[in-house]
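Subject: Structure for your review

Dear colleague,

Please find below the structure that I am handing over to you. I would be grateful if you would look through it alongside the notes that follow it.

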Amino acid sequence: MNLQVERLVPLDHPAVGGLALAGGWIWVQTTADLERVNPATGDIGARVAVPKRSVVLDLAGNPAGSVLAELQPGVLEFLDPSTGKAVSRYPSARAAGGYIAGVADGQVVTWTAAGHGSDIQRFVLKTRRFAPIYGWGYGAIIVVAGDRYLFEADAGYGARAKAPDYCGDTATGRPLAALPTAADLWGGRAVGYQRGELYYLRETRSGADLDEVALPACR
């Protein structure tokens with residue numbers, strides 16, 4: 001793997017942020033629909049129209065490709081990972097906005113910047129219920145991988161201005177260990193976490209760097 005661009009796939013409509021791997025396909029959220037892309041050939045297959053009154057906030061799938069979820073105002077919706085069509089919807093006042101941080105370990109974790117804090121919750125697939133996750137910070141960034149989640153406080157205000165970034169247990173929402181200063185994501189974007197290693201993009205004068213930071217306490 002050399003991280004070089006191998007193929008460019010023209011889309012029918014501009015992409016608006018949602019991107020997920022599920023059902024063996026790459027799903028892309030555009031301004032008009034969800035487009036299914038064959039990762040081997042780059043061919044666009046199914047196109048699923050988004051209802052005119054629907055506002056899709058984010059799209060995500062789990063590593064196994066068996067779950068494809070999209071977040072709408074007040075609703076977490078699950079889609080068939082092969083066709084992209086909706087199969088179930090779950091309303092939640094706390095999912096009124098924001099992003100899907102990740103789909104892993106049988107849960108969908110969402111977060112919303114709420115004033116000077118963050119509204120973070122997890123939807124447990126087995127029980128079909130929402131449960132809160134501890135977290136405080138302005139514009140928090142979360143990465144979810146398996147049974148761990150990473151919380152980046154991104155500054156803060158008042159007495160909690162120095163609240164530490166940490167990793168936690170996804171199943172319980174319990175913080176486990178503070179992240180080292182080297183893992184500060186200020187000005188960057190976390191893109192992955194695997195076996196105690198955090199990967200994130202950081203802007204530079206010449207473009208962007210893909211950095212790696214070891215988090216042994218979060219294994």
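The notes below set out what was found in this structure.

This is a predicted model, in which local features need pLDDT of at least 70 and side-chain atom pairs count only at pLDDT 80 or more, while totals for chains, interfaces and linings use all residues. Residues are numbered from 1 along each chain as its sequence is written, and side-chain values use heavy atoms, with hydrogens and water left out.

Confidence and overall make-up

The protein chain has a mean pLDDT of 75, and 74% of its residues reach 70 or more; pLDDT is the predictor's confidence in each residue, from 0 to 100. Over residues 155-162 the pLDDT is below 50, and this stretch has 10 contacts in the model beyond near neighbours in sequence (contact means heavy atoms within 4.5 Å). Where pLDDT is low, the predicted coordinates should not be read in detail.

The protein chain contains zero helices and 19 strands. Here helices (H or I, at least four residues) and strands (E, at least two) are DSSP runs, numbered from the N terminus. Of the 219 residues, 47% are buried, where buried means under 20% relative accessible area, exposed over 50%, and partly exposed in between (1.4 Å probe, protein chains only). Among contacts with a separation of 6 or more, 35% are between residues 24 or more positions apart.

The sheet β5-β6-β7-β8

Four strands form an open sheet in the order β5-β6-β7-β8, with antiparallel pairing; two strands pair if DSSP finds at least two bridges between them. β5 (58-61) and β8 (86-91) stand at the edges with a single partner strand each, so one side of each is left without a neighbour in the sheet. From one strand to the next, the twist averages 20°, with axes taken as lines fitted to C-alpha atoms, for helices over the stretch in contact, and angles running from 0 to 180 degrees between N-to-C directions.

β5 and β6 are joined by four bridges. Within this pair, L59 has E70 as its bridge partner, and G61 stands opposite L68. The two strands form a hairpin with six residues between them, and G65 in the turn has a positive phi of about 80°.

The nonpolar cores

The largest nonpolar core has 12 residues, including A60, V67, F78, Y90 and F123. A nonpolar core is a set of buried Ala, Val, Leu, Ile, Met, Phe, Trp, Tyr and Cys residues joined through side-chain atoms within 4.5 Å. β6 (68-72), β7 (75-79) and β9 (99-104) each supply at least two residues of this core. Apart from it lies another core, of 11 residues, among them A145, L179, Y193 and Y200. Leaving aside neighbours within four places in sequence, A60 is in contact with A20, V67, L68, A69, I100 and V103.

A second hairpin and a buried glycine

β15 (residues 166-169) and β16 (residues 175-178) run antiparallel and are joined by three bridges, with Y166 opposite A178. They form a hairpin with five residues between them, and G173 in the turn has a positive phi of about 80°.

G196 is found in the loop between β17 (188-194) and β18 (197-204). G196 counts as buried because its relative accessibility is 1%. Not counting residues up to four places away in sequence, G196 touches V213, A214, L215, P216 and R219. G196 and A214 are 18 residues apart in sequence, and their C-alpha atoms are 5.9 Å apart in space.

Yours sincerely
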